[in-house]
Amino acid sequence: HILDAPTILFNIDDKIDNLSLSIQSFGSLEVQKTHCKLSLVTHKTKQAQLVETKIRSIADIKSSLVKSEKPEVQDIRGIVVLPNGNIALSDYSTQNVLVFSTDWQILSKISVKPANAFDITYIGDKTVATTSNIGQYNGVSIIDIDTEKVTQYIPTKYQCYGIKHHNGSLFISAEGDGVCKLNPQDGRSTAIWKYDLPPFSYIEVFNDKIY
């Protein structure tokens, strides 16, 4: 079958030409302004109510055991949870840092010898730091978790125990010296609180306060 294709024809009336010759314009536009009465009413600004947040004291906090695990580590002295959920432990007796998955499968074992590994803290960029207090190896080891190697060792004049990273600095519990602040970039150490700290002291930084 052949389909008929429609064709539309447009014929202009001859009177259009005469109309365009006799009419010079179709009209004119004019802008008129009229006054209107508009009353502006200012409503009272609503004030936001500040809800006071009460900080609970340690006495109000109740803890409960969720799960117990026994990883194959001889002497756990430090623990830190990494951003991806894995757990890094410092084994004081074997001088190793061990990384476990969330289900406690061992992922890596990193030696910091000849230093030892007491406490551990997370720095950033998959990097942790451990403290050492053995003989002539008093200091801090910087460890790359991905390469499983010690990338930097910073010696100190004091025995290092607890450690915490905060705002780019390392805060360390130094036996007999107090709390010291260590710059991991240049290795410079300053005592910010002098006190005869005993060995095996830990440290924590929370809300810009040192505990």
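**View 1. Strands β3 and β4 pair in the antiparallel sense over five bridges, with β4 covering residues 106–111.** Strands here are DSSP runs of E with at least two residues, helices are runs of H or I with at least four residues, and both are numbered from the N terminus. Two strands count as paired if DSSP finds at least two bridges between them. This is a predicted model, in which local features need pLDDT of at least 70 and side-chain atom pairs count only at pLDDT 80 or more, while totals for chains, interfaces and linings use all residues. Residues are numbered from 1 along each chain as its sequence is written, and side-chain values use heavy atoms, with hydrogens and water left out. Five residues lie between β3 and β4 in their hairpin, and tryptophan 104 in the turn has a positive phi of about 65 degrees.

**View 2. Strand β2 (residues 87–91) is joined to β3 by five bridges, again in the antiparallel sense.** Look for aspartate 91, which stands opposite asparagine 96 in β3. The hairpin of β2 and β3 has four residues between the strands, and there glutamine 95 takes a positive phi near 60 degrees.

**View 3. Strand β3 (residues 96–100) has five of its five residues buried, so the rest of the structure largely encloses it.** Buried means under 20% relative accessible area, against over 50% for exposed and in between for partly exposed (1.4 Å probe, protein chains only). Cover is found on both faces of β3: Asn96, Leu98 and Phe100 are buried on one side, and Val97 and Val99 on the other.

**View 4. Four strands in the order β5-β6-β7-β8 make an open sheet with antiparallel pairing.** At the edges stand β5 (120–122) and β8 (149–155), each with a single partner strand, so one side of each has no neighbour in the sheet. From one strand to the next, the twist averages 25 degrees (axes are lines fitted to C-alpha atoms, and angles run from 0 to 180 degrees between N-to-C directions).

**View 5. Strand β7 (residues 137–144) and β8 run antiparallel and are joined by six bridges.** A handy pair to pick out is serine 141 and tyrosine 153, the latter in β8, which stand opposite each other.

**View 6. Zooming back out, the protein chain has one helix and 14 strands.** Of its 211 residues, 33% count as buried.
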